[in-house]
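Good morning, everyone, and thank you for coming.

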Amino acid sequence: MKRDFLPDPETRQAKEDLRRAMRERLRGMDPAHLAEASLTICQTAAHQVEFRNARCVALFSPLPSEPDVRILIEEAWAEGKRVVLPLMIKQKSGPQLDWHEVANWDEVVLPGPFGLREPDPLRCTRVPLKEIECVFVPGLAFDHDGFRLGRGGGFYDYFLGQAPTDLPRFGLMFSCQRVPAVPREPHDQSLKAFITEDKIWTNPGQKSD
């Protein structure tokens, strides 16, 4: 069945208001603090049993306002893991993430819809969803129920809605991005936990290993 990604006007406006507020908050953060926080987030993520046991890890190429996960990507490479990054594609059925394996930074070159560097599909092998064993996702805000606010494309919600329910899924964000409640719709997908620089916020609706 085709998924409806058109939000109702009130929820759409609430999401846009929160996006603007979060962008402003992140712009006001000290870059040195964000760099230090990014290192802590990556170290914490690397110690999660799901990351340690995974042979294929899905990550993302960070924007300047997101945790710098290049540290985590390089740790995965050092441990001999396969690293896949998303290529964003708009389809009639909905927004789609195609995952491609990258072995070095020279293969992450293409500008995506949000100005992201993406894997070059001519050089990077496409990896099917069934081979991904752990996924880390970005966002603009998150709440204690495990819901995240993305940048409005719907790519990650569509991907997570198709992924196996037992696929370990973590959000990587700064603690300042936590809010009491993220505006949500039926298609919005929750995560197992959010890793920030000062805590792991576990979704009470999902079992922890």
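There are 15 salt bridges in this structure, where a salt bridge is a side-chain nitrogen of Lys or Arg within 4 Å of a carboxyl oxygen of Asp or Glu. Please keep in mind that this is a predicted model, in which local features need pLDDT of at least 70 and side-chain atom pairs count only at pLDDT 80 or more, while totals for chains, interfaces and linings use all residues. Residues are numbered from 1 along each chain as its sequence is written, and side-chain values use heavy atoms, with hydrogens and water left out.

Let me begin with Arg19, which forms a salt bridge with Glu16, their closest N and O atoms lying 2.6 Å apart. How are these two placed along helix H1? Arg19 and Glu16 are three residues apart in H1 (residues 9-27), so about one helical turn separates them; helices (H or I, at least four residues) and strands (E, at least two) are DSSP runs, numbered from the N terminus. Arg19 counts as buried, at 7% relative accessibility, whereas Glu16 is partly exposed, at 29%; here buried means under 20% relative accessible area, exposed over 50%, and partly exposed in between, with a 1.4 Å probe and protein chains only.

A second pair is Lys81 with Glu79, whose side chains meet in a salt bridge at 3.6 Å, N to O. Lys81 is buried at 9% relative accessibility, and Glu79 is partly exposed at 39%.

Because Glu131 lies in the loop between strand S5 (117-119) and S6, and Arg82 in strand S2 (residues 82-91), the pair ties together parts that are 49 residues apart in sequence. Elsewhere, salt bridges with shared partners join Lys15, Glu185 and Asp188 into one network.

Which strands pair with S6? Strand S1 (residues 56-58) runs parallel to S6 and is joined to it by two bridges, two strands being paired if DSSP finds at least two bridges between them; within this pairing, Ala58 has Val135 as its bridge partner. Strand S9 (residues 169-172) also pairs with S6 in the parallel sense, over three bridges, and there Val137 is partnered with Gly171.
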